[in-house]
Amino acid sequence: MANTVVDGASVLNYINGEWTASKNSRFTEIINPANGSVLGKVLLSTSKDVDNAVAAAKAAQKKWRLVPAPQRAEILYQVGALMKERKERLSQILTSEMGKVIEEARGEVQEGIDMAFYMAGEGRRLTGDTTPSELKDKFAMSVRVPVGIVGIITPWNFPIAIATWKSFPAIVAGNAVIWKPATETPLMAQELVNIFTEAGLPKGVINLVTGSGAEVGDAIVEHPDIDVISFTGSNEVGRRIAEKCGRSLKRVSLEMGGKNAVIVMEDADLDLAVEGILWSAFGTSGQRCTACSRIIVHEKVKEELEQRLLAEMKKLTIGNGLEDGIKVGPVINERAIKKIHQYVEIGQEEGAKLLAGGSILEDKHLGNGYYYAPTLFTNVRPTMRIAQEEIFGPVTSIIPVQSLEEAIEINNGVSYGLSSAIFTKNVNNVFTAQRDLDTGIVYINAGTTGAEIHLPFGGSKGTGNGHRDSGVQALDVFTEWKSVYVDFSGKLQRAQIDMDV
Ligand code: UN1
């Protein structure tokens, strides 16, 4: 439990209530993306470690499922209280490890705290239905039961919030968890696991196994005793996971990103639209699944919007997110910055016009961090790769249109369906847009980010496979329905369908 210092930390596995090393004691470095410094190291585990974690989880779940849900929830209330108490510490570590600016880190930790109290409340609900039976003296109801052992695989861009979206509903519903966090952000995982332990979660109910997707991720996905997988990450990896789960009929919940757009109509409040676009395109350096990477604008206000955006983009301060006044932090690592830059080159080759940014920043004061200039393209055609593929960086593209109908068609003309937004004052536009935009989340007069935890989070098409994170709907991923019939007539009553047999 003392294992929580940022400098020189080494993150081990947490199996059956103990921080343990792996037989294969290989480690990889945890890097601060703001300056390239080494924060510590994280264990690269093997499939054997996953086996040990599953064995511990199975033993623990046998008892955990029998703990009354309101008592399971008490532990989540305590988790929420501890997170609240440690909010600043968690936020500082989050910024150091992942790079998002400190205000955003605080926001993310708050999202986790909200999730704790919200899901704790579910411990006193977890409702099913009671419904009349077709027969006399017979009672019928449906109840939620835990699925069993849950494998959760979480990304680095929201290292604590997304972990809470998945682990809290799983735990309150009576499951045990095997968690593989992103290799880039194991410190947040270590912090959250310590909080679970201090809150009194019995050993084996949560188990942490760190390491690569190829080794640990695959071992979790393929393990015959893990009943459900909940994954957030790229579409490419999500598809591979779904194929594997399909072969073994394992339930799988996927959230795989977006190509989100803000629509700006000719009657929009442009100041508001500019603010919403800047926040959702360049906040978190564009590394949100919900980030605005397309701006679909009515041609009548296109130039005005461009000018206002450019003026505001000049004011964006870039640097280490722990420093005061910084608005845009680094991107996660070298691989990410190269990919972002490649997309910018692709955009230029495709004939899009670069209005701002477009370069890797290497100023001296930025040290060895991974900084990319906030980038704006215009005159982008909807079929260009920069308007179709997820870039996951501070790059956004203006696509001009002549009508709402065309805007909606372009919004829907991508393979993802996570989030969309429209700025307009016209009530007819509002209701048409909320009906016809084909994303799982729609914002009116706000940017594409900022989902609240008590609503379902996820999307259509290449974004997901029909499940949702957070909201009460998250419980559907981690529970089975059981229909229970109680006959108190004292005789064998055949069901109505079998009466005439
Ligand atoms: C993500 O990027 O995967 O809606 C999650 C938002 C945040 C969550 C983003 N509440 O922007």
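Modeller: In this chat, Ala, Val, Leu, Ile, Met, Phe, Trp, Tyr, Cys and Pro count as nonpolar, Asp, Glu, Lys and Arg as charged, and the others, Gly among them, as polar. The model is predicted, so local features need pLDDT of at least 70 and side-chain atom pairs 80 or more, while totals for chains, interfaces and linings use all residues. Numbering starts from 1 along each chain as its sequence is written, and side-chain values use heavy atoms, without hydrogens or water.

Biologist: What volume does the largest pocket have?

Modeller: A pocket is an open set of points on a 1 Å grid over the protein atoms alone, with protein on both sides within 12 Å along at least five of seven lines. Points join across faces, edges and corners, and probe spheres set on them fill the volume. For the largest pocket that comes to about 1,400 Å³.

Biologist: How many charged residues are in its lining?

Modeller: Lining residues have an atom within 4 Å of a point. There are 44 in the largest pocket, with Trp156, Glu184, Ser234, Val237 and Arg335 nearest its centre. By class, 20 are nonpolar and 13 polar, and the charged ones number 11.

Biologist: Which residues lie closest to the centre of the largest cavity?

Modeller: In a cavity, a 1.4 Å probe fits but cannot get out. The whole structure has 4 of 30 Å³ or more, and the largest holds about 80 Å³ of space. Of its 14 lining residues, the closest to the centre are Ala291, Ser293, Glu390, Ile391 and Phe392.

Biologist: And what volume has the second largest cavity?

Modeller: Its lining includes Met98, Lys100, Thr284 and Pro330. By class, that lining has 4 nonpolar, 5 polar and 3 charged residues. The volume of the second largest cavity is about 50 Å³.
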